[in-house]
Protein chains: 2
Amino acid sequence: MSTEMSYTETRRDSVCEGLNTDVTEGPPPLSDEDLRLAATYVNDARNGCRGNFKNDPKSVRLYNLYNHPAFFWTSHVAVGVLISLVLFEDPAVPSIRLDYWITMCVELLCVGLIFSRLAHQGVFSSEENFWRSKRRLPFLIILLLTLVDMVLYVILSEIGVTSVRFSRPLRPLLLLCMDRAKQLRAVFKNILLTLPDIITVLTLFLLSVAFFALMALKIFQNRRNLVNYSDGQPYMHNYLDTFFHLYVLVTTANFPDVMMPAFDYNAWFTLFFIIYLIICLYLFMSICLATIYNNFKEHLKEYVEDSVREKQDNLQLAFDILKVETGHGEKLLPKSRWMSLMRTVHPSRLDLEHSLLWDVLANKHTGYISKSEFFHVANLLDIQVLEVKDREPEFQRWFPRCYTSKASRLIRKTVANSCFSRFFRYFIDLAVVANAVCIALDEEDFEWFFMALFVFEILLKFYVFGLKKFFHSAMNMFDFVLIVAALVINVLELAWTSISNQTGALDFLLVLRLLRLVRLVYAIERFRIVLKTISSIGRSLLTYGGVLFVFFYIFAIIGMEAFSGKIIPEPVLANRTQNQPILCGNPKLNGTQFAMNRYCNNNFNDILHSFVVLFELMVVNQWHVLAEGFVAVTHQAARIYFIVYHLLVVILVLNIFSAFILELFMLEYTMSKEPAERRESIIERRITVMGLDEDESTYLNDLENEETDTNIRGGRRPGQSPAMRFRLPRGANKVEELLQKMYEIEREEDKSDV
Amino acid sequence: MSTEMSYTETRRDSVCEGLNTDVTEGPPPLSDEDLRLAATYVNDARNGCRGNFKNDPKSVRLYNLYNHPAFFWTSHVAVGVLISLVLFEDPAVPSIRLDYWITMCVELLCVGLIFSRLAHQGVFSSEENFWRSKRRLPFLIILLLTLVDMVLYVILSEIGVTSVRFSRPLRPLLLLCMDRAKQLRAVFKNILLTLPDIITVLTLFLLSVAFFALMALKIFQNRRNLVNYSDGQPYMHNYLDTFFHLYVLVTTANFPDVMMPAFDYNAWFTLFFIIYLIICLYLFMSICLATIYNNFKEHLKEYVEDSVREKQDNLQLAFDILKVETGHGEKLLPKSRWMSLMRTVHPSRLDLEHSLLWDVLANKHTGYISKSEFFHVANLLDIQVLEVKDREPEFQRWFPRCYTSKASRLIRKTVANSCFSRFFRYFIDLAVVANAVCIALDEEDFEWFFMALFVFEILLKFYVFGLKKFFHSAMNMFDFVLIVAALVINVLELAWTSISNQTGALDFLLVLRLLRLVRLVYAIERFRIVLKTISSIGRSLLTYGGVLFVFFYIFAIIGMEAFSGKIIPEPVLANRTQNQPILCGNPKLNGTQFAMNRYCNNNFNDILHSFVVLFELMVVNQWHVLAEGFVAVTHQAARIYFIVYHLLVVILVLNIFSAFILELFMLEYTMSKEPAERRESIIERRITVMGLDEDESTYLNDLENEETDTNIRGGRRPGQSPAMRFRLPRGANKVEELLQKMYEIEREEDKSDV
């Protein structure tokens with residue numbers, strides 16, 4: 001992330017020098033402190049956070065120190081370690097178990113680090129601001145509870161009483177309190193705001209289930225000749241069981257088994273189940289999704305509005321410090337102050353670059369940056385700036401004569417030129433298919449040939465495009481990693497034959513070789529669009545991964561406290577006969593579906609196994625078999641754990657995830673219908689108009705032009721700093737950017753209406 | 001439906017009389033033929049269809065005859081009978097099997113009737129129009145194919161060769177060709193239009209599955225010590241099986257069983273399955289839904305636009321016939337022609353009513369109906385008109401003195417007045433709960449008491465509200481049906497004790513008694529909103545039910561041809577021991593999960609059983625067990641049938657259904673945010689402004705006012721025809737109306753922008 005706030009003493013001197021030499025006339029130079037404050041606001045705007053620091057220089061310095069990568073990452077690592085302690089604490093992953101005093105010491109250290117960060121925050125923020133933030137208090141409470149819990153546990157275990165570490169499920173909540181977990185917090189806030197609406201629907205749904213359960217009980221209870229379930233359990237014999245079976249039926253996990261005894265008795269009874277499923281599954285579950293989608297859309301818009309407002313508030317504050325009043329009473333930002341600000345924000349960059357940014361932002365006529373233009377500075381700073389000379393292939397720089405020779409040009413045409421390159425690409429794609437066929441047929445003989453071919457392809461691309469350009473393409477990067485990793489493993493395998501007996505390495509090699517097939521998908525235009533959408537979702541998927549992780553962690557810890565050690569996997573025997581049940585070390589499992597399906601490995605004995613079980617529960621199928629297994633070894637009440645998990649994770653979180661993907665697709669679709677110039681933000685448009693963007697087609701033009709005039713490139717475009725180019729993101733890559741663009745378009749429309 | 005086109009000879013005379021007596025001055029009266037043509041256009045606008053009839057009087061008369069209920073329903077019944085023939089044809093439902101010559105005769109009759117309707121159409125439409133409609137040709141082809149098929153079948157079966165009735169799967173397509181199946185056709189068109197986009201995603205998805213299958217095969221194939229599945233099948237041993245297992249995994253139906261052998265071998269192999277599910281289930285299936293939703297939304301808008309345009313085209317044609325040019329060159333509709341038109345459209349209604357409609361539509365200043373006002377006539381005619389005297393309770397009319405007595409007023413206040421009635425309602429709701437508790441506890445003693453109470457409640461409501469008002473509420477109707485049915489069964493049970501031994505009647509009684517609980521849900525405001533939304537979906541659900549029926553029917557016929565008689569249910573024995581497999585009359589099923597789960601009743605032996613199996617396949621869970629069962633008794637290729645079914649019905653149709661519900665919720669939500677006066681259409685606004693709507697609160701006001709002046713009601717409102725009231729739909733009840741309103745709002749916005 002862009003946390004390059006490396007504002008050190010030595011740098012500051014050079015900034016002052018720069019200021020003094022640069023500003024010979026015009027507005028008076030700003031003080032160091034004001035500049036630092038403005039730079040802090042700009043950085044906050046870029047990071048999308050709101051530093052509640054006091055305005056005095058000491059607090060500002062402390063706040064910048066607070067955002068220093070070293071401090072920032074230390075606290076994040078501490079939270080990470082704290083969360084991953086569960087791997088080592090009892091019930092631990094067997095091979096890496098640690099004694100409790102070791103984990104306790106580490107935990108104490110982590111809590112101390114996190115606490116010190118909170119204290120750091122307390123120093124630079126005003127007392128009022130400190131407590132106003134909604135996450136401070138829970139943060140502090142969790143830390144205190146953890147300490148209390150640790151002390152209690154040590155005391156109790158010294159006395160010899162086994163106790164429960166009740167603070168452990170709270171640990172993932174610390175993730176939510178972290179500074180940059182804004183999106184994670186947003187999703188949780190979204191879930192909380194959706195709750196009231198969804199609870200109405202869910203209550204109605206649960207009442208329906210209860211109603212149908214009563215009906216089923218009354219219809220089937222006293223019926224003679226009704227057979228039992230195929231696993232021997234009695235059919236609909238008491239209310240709680242019937243309710244649970246019908247609840248499971250909504251998840252479809254026990255269909256049609258739950259219907260079969262009634263079906264065998266009388267075919268018309270199937271109508272009961274069909275009506276039930278239509279009402280409770282198809283209708284209610286669709287309504288759940290609709291309700292969640294509805295709420296999600298609203299709250300997403302609010303979130304984006306808040307983000308934009310926060311960013312603008314920060315930039316407004318920075319602008320208020322930097323502005324100069326002109327003759328006409330307008331408040332504008334002159335170039336001298338812009339340069340000083342940029343030197344403070346990005347001390348490592350060249351003045352040329354700052355100047356380029358100025359050219360993009362400033363108004364041509366007035367020669368100043370207005371407030372509305374300044375509001376784009378956060379986005380502008382996030383666009384990568386490249387030097388043109390970086391874009392020349394290394395070979396061109398190293399052996400210019402050889403590179404521009406006739407033979408070389410022919411090679412370059414073959415690889416890069418649109419017409420020839422197609423055949424080159426087809427040839428490679430064909431080789432990939434042939435390779436996959438060989439793998440499928442277990443033909444190992446040609447492997448080295450294919451390997452050589454792919455290595456040759458990569459080297460050729462290096463030569464033609466140069467390293468930088470090669471690695472800019474995600475697909476090339478992907479190819480490169482696959483080939484190099486495969487090469488390394490192959491070589492190692494040759495060197496030490498012992499490795500070839502180790503299956504892990506061979507499996508990995510196989511996966512690497514098969515993954516090459518993915519590039520074929522990329523070769524087809526229609527597929528590429530779908531893949532691009534998926535990859536644009538990618539980053540936000542991580543947020544949802546985070547949300548799921550928090551839920552998984554909490555449920556895993558509770559599950560481990562309740563169920564660990566109750567089910568013990570038996571050694572795997574290949575010669576087990578069919579249908580020979582396994583009791584998973586617990587005779588209570590005798591006769592259950594859990595034992596018959598050999599689910600012993602689905603247990604809560606350590607955090608990794610717990611996560612697998614929770615994933616299985618999330619996929620829903622057979623979750624009742626798992627639930628009944630754990631009920632058999634504990635108590636009927638264990639069903640509540642599984643039902644609550646289903647309601648929270650499957651119905652709530654997964655539907656919010658679906659809502660997110662739906663909304664994203666609708667956004668991309670709406671965006672794609674907008675005209676191109678509206679899809680670009682204002683600064684992107686300016687950059688394009690000024691010819692300062694890095695154009696993909698330039699390379700091929702270069703190749704053509706080279707033949708007539710090798711030096712024409714520099715002067716070909718009217719850019720003012722031809723040695724540098726902006727690398728504009730093609731297609732909105734980040735979901736947030738997409739959303740903000742959408743929002744800005746809407747706002748512009750509102751304005752134009754007025 | 002509003003197909004009251006009872007345009008007969010006798011009526012026409014009266015219309016002419018009306019015309020002649022009414023129009024003494026003003027524009028010249030229209031000829032009968034012109035009036036009839038205009039009325040036909042108005043009716044077409046109301047029915048949302050486009051009669052491609054020629055303009056000459058004979059064709060118009062034929063077209064009206066074509067729309068006559070008798071002809072209309074005959075052809076619909078013929079299609080219905082043709083479709084339901086499958087119940088009697090081999091393989092028939094056992095108890096109602098008919099010989100093939102009987103079904104053949106019925107089929108021939110039906111085909112003849114349908115064909116004659118097509119011929120009827122051919123007579124009144126111009127040749128060009130007849131063939132331009134996209135559904136004529138397929139309609140004709142299906143009928144011809146049916147005839148060819150019948151002839152072939154008869155010949156072959158007389159020779160003794162068993163053949164396949166290949167035209168049977170085509171039968172439900174006739175439903176699509178019916179005149180009023182517009183919505184059904186729209187959904188199918190939507191499916192067709194969505195196909196190209198979804199096919200890209202699905203191909204990519206299938207390629208991913210194929211890719212993962214290759215990977216799984218290579219990883220697990222040659223691994224020793226890897227156990228078999230718990231049912232003894234070898235684990236990932238050939239490509240086709242692996243592909244199928246992974247395809248099933250996307251439907252989650254075999255999770256976690258498909259993972260367990262690998263999990264037992266090495267816990268890290270779970271990662272393979274988790275990554276697979278994240279990519280192919282959570283990502284691709286969400287993208288499928290998003291793609292379908294995206295397309296659906298677009299096409300729905302087009303459909304509504306087309307409908308509105310068609311309606312306006314029809315009304316435009318009618319207006320062109322009726323219009324009179326005024327002095328200013330404006331084209332307007334005078335009252336005399338309006339009355340003539342209405343008498344032709346609705347010969348059975350009173351002139352007073354036509355006059356009321358005129359008051360609503362016509363411009364106060366000009367005294368004419370303009371074209372844009374005329375465009376609302378179709379909607380206006382669909383609003384129910386009530387006579388005020390209908391709204392008086394019967395008792396008031398029959399015994400006015402008794403009804404307005406003091407004791408009677410007290411009763412009426414208790415039942416209807418807002419303050420007292422709440423306690424009355426609470427009391428009845430409490431009784432319903434108590435009744436349910438009694439049922440749950442099998443306390444039969446109080447049943448007669450509860451029954452008496454509920455009957456008393458209904459009688460009381462009859463007295464207070466009157467029959468008409470009572471039955472206008474869907475909830476009252478529901479109560480009434482439940483109580484009366486229960487009463488009838490109870491009385492019959494008393495009369496013939498033999499019935500009490502028949503379980504069917506008792507089950508029905510039980511269900512009736514439990515259904516009373518539904519009214520409790522209606523008592524809570526938040527629940528009522530959800531229920532109202534569901535009931536507003538109701539009608540459109542039927543359309544989707546129709547779509548599913550078409551798919552079910554086609555797949556059922558194919559399934560019966562392929563699988564009927566292969567699986568024979570065994571007699572049910574209550575004393576079967578656990579795990580004793582049943583072979584369903586086919587030794588090939590030995591050892592399959594199908595037999596172990598006792599799925600013998602899930603067969604394709606007749607259409608009803610086929611539908612149950614297809615429903616089970618739609619619910620998805622255990623579908624692989626069903627599929628493997630049918631594969632075991634036939635051939636591996638049978639898997640294709642089940643995969644195609646899953647792709648078409650579950651992924652395509654069910655997602656379109658979800659898209660529909662999502663869109664509907666979004667619409668209702670957007671509508672609810674609009675201000676009230678925009679939610680109403682223009683005519684609804686006019687009716688409200690003119691005080692002509694039937695106000696729910698009127699009744700209670702009446703009760704209050706009655707005490708001071710019994711005759712005040714008539715003059716209380718400024719309505720011009722106080723003896724009649726419009727019954728405005730509260731909340732848009734029909735989805736189409738909602739959509740059209742949305743569309744009209746959007747169009748108005750567009751106009752106001754310009």
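Mentor: Helices (H or I, at least four residues) and strands (E, at least two residues) are DSSP runs, numbered from the N terminus. The model is predicted, with local features requiring pLDDT of at least 70 and side-chain atom pairs counted only at pLDDT 80 or more, whereas totals for chains, interfaces and linings use all residues. Residues are numbered from 1 along each chain as its sequence is written, chains are lettered from A and ligands numbered from 1 in the order in which they are written, and side-chain values rest on heavy atoms, without hydrogens or water.

I begin with the backbone of the loops. Most residues other than glycine have a negative phi, and most peptide bonds are trans. In chain B, B:Pro91 is placed in the loop between helix 4 (69–84) and helix 5 (100–124); B:Asp90 and B:Pro91 are joined by a cis peptide bond with omega of about -10°.

Positive phi values also occur in the loops. The loop between helix 10 (239–250) and helix 11 (260–265) of chain B holds B:Thr252, a residue other than glycine whose phi is near 65°. B:Thr252 is buried at a relative accessible area of 14%, where buried means under 20% relative accessible area, exposed means over 50%, and partly exposed lies in between (1.4 Å probe, protein chains only). B:Arg598, likewise not a glycine, has a positive phi of about 55°. B:Arg598 belongs to the loop between helix 28 and helix 29 of chain B and is buried, with 8% relative accessibility.

A disulfide is a covalent bond between the sulfur atoms of two cysteines. Here the term is applied to a pair of cysteine sulfur atoms within 2.5 Å, and the count over all chains is two disulfides. In chain A, A:Cys584 is joined to A:Cys600 with an S to S distance of 2.1 Å; this link is left-handed, with -70° about the S-S bond. A:Cys584 is in the loop between helix 26 (525–563) and helix 27 (593–596) of chain A, and A:Cys600 is in the loop between helix 27 and helix 28 (607–619), so the pair ties together parts that are 16 residues apart in sequence. A:Cys584 is buried at 0% relative accessibility, and A:Cys600 is buried at 6%.

In chain B, a disulfide connects B:Cys584 and B:Cys600, again with S to S 2.1 Å. The torsion about its S-S bond is about -65°, so this disulfide of B:Cys584 and B:Cys600 is left-handed. B:Cys584 is in the loop between helix 27 (525–563) and helix 28 (593–596) of chain B, with B:Cys600 in the loop between helix 28 and helix 29 (607–619), so parts 16 residues apart in sequence are tied together by the pair. B:Cys584 is buried at 0% relative accessibility, as is B:Cys600 with 6%.

B:Asn586 is also found in the loop between helix 27 and helix 28 of chain B. B:Asn586 counts as buried, with 11% relative accessibility. Leaving aside residues up to four places away in sequence, B:Asn586 touches B:Lys566 and B:Val633, contact meaning heavy atoms within 4.5 Å. The side chain of B:Asn586 reaches the backbone oxygen of B:Lys566 at 2.8 Å.

Finally, I turn to the contact between the chains. Chain A contributes 98 residues and chain B 97 residues. About 8,700 Å² is buried between chain A and chain B, 70% of it on carbon and sulfur atoms; buried area is the accessible area (1.4 Å probe) that two parts lose on being put together, summed over both. There are two salt bridges between chain A and chain B, each a side-chain nitrogen of Lys or Arg within 4 Å of a carboxyl oxygen of Asp or Glu. The side chains of B:Lys218 and A:Asp442 form a salt bridge at 2.8 Å, N to O. Helix 12 (residues 270–322) of chain A supplies 15 residues, the largest share of the side of chain A that touches chain B.

Notes. Polar contact = N/O pair within 3.5 Å; in protein donor to acceptor, adjacent residues only side chain to side chain.
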